[in-house]
Amino acid sequence: MEGNKRWVALTAVAPVAWGANYFVTHAFLPADHPLYGAALRALPAGLVLLALCRRRPRGAWWGRSAVLGLLNVSVFFVLVFAASQLLPTSVASTVMAVSPLAMMLAAWLLMAERPGSAHLAGAAIGLGGVCLMLLGGEDGISVAGVLVSAAAVLVSSFGHILAKRWNTGTGTGTGTGTGMTGTAEAAGAGVLASTAWQLTAGGLLLLPVAVAVEGAPPPVSPSALLAFCYVALVATALAFSVWFAGLRRLPAGTVGLIGLLNPVTGVLLGTAVAGEVLTGRQLGGLALVLAGVALGRPTAGTRPDRRLPAGTPAAPGPHPGLRSGPGPGRSA
């Protein structure tokens with residue numbers, strides 16, 4: 001239980017960093033260069049993590065890195081950059097709070113990780129809080145911006161659960177719930193390495209598209225340079241590393257609810273720094289969001305993942321390596 005609490009706290013670093021990222025992008029980065037903005041966020045972060053892990057993909061991870069890089073980096077970063085420019089900070093981060101429901105659905109479909117009643121209730125309460133925050137915000141919200149944010153939610157939820165599946169070896173046809181030791185392919189990827197590979201792949205995919213579509217890189221002022229440093233090193237390299245580590249060790253429902261801290265951070269920053277008005281209705285929404293996060297936290301009956309020796313037979317149930325009972329199914 002204490003180990004799970006530590007992983008919850010560590011994973012929470014990611015949505016807080018992402019909530020702040022909306023403000024940084026909206027206030028300091030060039031609005032008319034979303035492709036360069038996404039590429040300059042992804043590629044430096046990926047290269048930094050590659051330098052730290054000093055590992056290259058092996059076997060199936062060449063293709064997996066390209067797929068995850070396309071979903072979690074190339075497409076997602078461009079959508080987030082566009083949403084950050086089209087919407088106020090508080091609204092852009094708030095729309096992303098539907099991700100717990102999207103992640104639970106993706107985990108159910110891809111990993112047979114059935115959401116428990118507490119996670120579903122927490123997601124519903126948090127989503128209610130999100131609606132209050134949106135309805136209590138500014139008038140004239142861009143419909144295009146909301147649609148872009150919703151697309152980012154769907155893309156990232158699918159990509160993050162796919163990364164969890166491939167990083168844990170769950171649902172890959174190995175017949176074991178062995179964590180990262182289930183197959184030679186899974187053994188070739190740690191959280192830091194797989195994060196580095198997909199960020200680098202996504203950045204490399206984006207760069208030629210940015211050159212072809214947007215031409216020369218935008219001029220970068222000193223403030224924009226500092227903003228890019230935050231976006232690449234904190235909101236990307238650090239945030240994605242702890243997020244995927246949390247996904248590997250915690251149920252997807254729990255991690256999705258932790259992601260509700262993203263809109264909380266965005267709303268508070270938008271109010272405190274960007275001068276956006278926080279109404280009484282939005283305060284009530286914030287309280288509901290935090291209640292949803294608390295409701296979905298790991299309980300005393302939730303145990304951290306444990307690794308089984310390769311070749312251990314799968315436990316009977318709806319999916320190899322998953323157990324039933326109170327709360328969602330999760331890797332053994």
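Hi everyone, let's start with Arg54, which sits in the loop between H3 and H4; helices here are DSSP runs of H or I with at least four residues, numbered from the N terminus. This is a predicted model, where local features need pLDDT of at least 70 and side-chain atom pairs count only at pLDDT 80 or more, while totals for chains, interfaces and linings use all residues. Residues are numbered from 1 along each chain as its sequence is written, and side-chain values use heavy atoms, with hydrogens and water left out.

Back to our arginine. Arg54 is not a glycine, yet it has a positive phi of about 50°, and this comes just after H3. Is Arg54 buried or exposed? Arg54 is exposed, at a relative accessible area of 76%; buried means under 20%, exposed over 50%, and partly exposed in between, with a 1.4 Å probe and protein chains only.

Now for H3 itself, residues 34-53. Its 20 residues should span 28 Å at 1.5 Å a residue, and the end C-alpha atoms are 29 Å apart, which agrees; the expected span is 1.5 Å times one less than the number of residues. Among the buried residues of H3 are Leu35, Tyr36, Arg41, Leu49 and Cys53. And what covers them? The cover includes H2 (13-28), H4 (61-86), H10 (191-214) and H11 (222-249), with contact meaning heavy atoms within 4.5 Å.

Let's step into H4, where we find Ser65. Ser65 is buried, with a relative accessible area of 4%. A polar atom of the Ser65 side chain lies 2.6 Å from the backbone oxygen of Trp61. Leaving aside residues up to four places away in sequence, Ser65 touches Pro57, Trp197, Gln198 and Ala201.

Over to the surface, then. Leu10, Val13, Val48, Leu52, Leu192, Leu233, Val234 and Leu238 make up a nonpolar patch, with about 600 Å² of accessible area together. For such a patch, residues need over 30% relative accessible area and no salt bridge, and nonpolar side chains (Val, Leu, Ile, Met, Phe, Trp, Tyr) are joined within 5 Å; a salt bridge puts a side-chain nitrogen of Lys or Arg within 4 Å of a carboxyl oxygen of Asp or Glu. The areas come from the Shrake-Rupley method with a 1.4 Å probe. H3 and H11 each give at least two residues to this patch, and H11 has the largest share, with three. Val13, in H2, is partly exposed at 32% relative accessible area.

Thanks, and over to you for questions!

Notes:
A polar contact is a pair of N or O atoms within 3.5 Å; within protein, one must be able to donate a hydrogen and the other to accept it, and residues adjacent in sequence count only if both atoms are side-chain atoms. Patches are made of residues with over 30% relative accessible area and no salt bridge: like charges are joined within 9 Å, nonpolar side chains (Val, Leu, Ile, Met, Phe, Trp, Tyr) within 5 Å.
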